[in-house]
Amino acid sequence: MRILTGVFLVACAAVSSQAVGADTEALQGLMQKNNCTACHLIEKRKYGPKFKEVAQKYAGEPGAVETLVAKIKAGGAGVWGEDMMPPQPLVSDADARAMADLILSLK
């Protein structure tokens with residue numbers, strides 16, 4: 001029984017790791033497509049906050065996806081210091097929502 005449990009746990013960890021990798025790849029693709037990488041990276045600070053910081057800040061917050069979609073589209077300032085994020089009106093609603101979902105899934 002212990003061997004089967006161990007095999008199951010290893011298999012679950014592998015599947016979970018693959019899903020996280022796929023999510024990160026999807027986010028990276030959307031970031032490049034929409035020129036987000038000019039200011040943001042997933043794990044390193046550039047001009048704006050790293051997306052892992054964004055995920056931590058909004059973790060568990062009701063309406064976090066909608067908040068991030070609105071910030072992507074309208075821009076903003078004051079949340080991460082004095083720097084301003086310019087509006088990104090050319091980012092589609094679907095891409096903004098997908099990025100918000102993927103950002104919030106980061107650990």
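Reader: Where in the fold is Asp95 found?
Author: Asp95 is found in helix H4. Helices are DSSP runs of H or I with at least four residues, strands are runs of E with at least two, and both are numbered from the N terminus. The model is predicted, so local features need pLDDT of at least 70 and side-chain atom pairs count only at pLDDT 80 or more, while totals for chains, interfaces and linings use all residues. Residues are numbered from 1 along each chain as its sequence is written, and side-chain values use heavy atoms, with hydrogens and water left out.

Reader: Why is Asp95 called buried?
Author: Its relative accessible area is 10%. Buried means under 20%, exposed over 50%, and partly exposed in between (1.4 Å probe, protein chains only). Asp95 is under the buried limit, so the label holds.

Reader: Which residues does Asp95 touch, leaving out those up to four places away in sequence?
Author: Leu30, Lys33 and Asn34. A contact means heavy atoms within 4.5 Å.

Reader: What makes Leu30 count as buried?
Author: Leu30 has 13% relative accessibility, so it falls under the 20% limit. Its place is in helix H1. Beyond four places in sequence, Leu30 touches Asp95, Ala98, Met99 and Leu102. The C-alpha atoms of Leu30 and Ala96 are 8.8 Å apart, although 66 residues separate the two along the chain.

Reader: Why does Asn35 count as exposed?
Author: Asn35 is at 55% relative accessibility, over the 50% limit, and therefore counts as exposed. Asn35 lies in the loop between H1 (2–33) and H2 (51–58).

Reader: How do you know which side of H2 its buried residues take?
Author: Phe51, Val54, Ala55 and Tyr58 are the buried ones. Down the axis they fall within an arc of 100°, so they line one face of H2. The arc is that of the directions from the helix axis to the C-beta atoms. An α-helix has 3.6 residues a turn, so residues three or four places apart point the same way.

Reader: Which residues of H3 are buried, and what do they pack against?
Author: In H3 (64–74) they are Ala64, Val65, Leu68, Val69 and Ile72. Their arc is only 135° around the axis, which puts them on the same side of H3. They pack against H2, strand E2 (84–85) and helix H4 (93–104).

Reader: Why is the charged end of Lys57 said to sit over the ring of Trp80?
Author: The charged end of Lys57 lies 5.4 Å from the ring centre of Trp80. The rule asks for NZ of Lys or CZ of Arg within 6 Å of the centre and within 35 degrees of the ring normal. The distance is within that limit, and the pair counts as a charge over a ring.

Reader: How many helices and strands does the protein hold, and in which order?
Author: There are 4 helices and 2 strands. From the N terminus the order is α-α-α-β-β-α.

Reader: How much of the protein counts as buried?
Author: Of its 107 residues, 26%. Among contacts with a separation of 6 or more, 45% join residues 24 or more positions apart.
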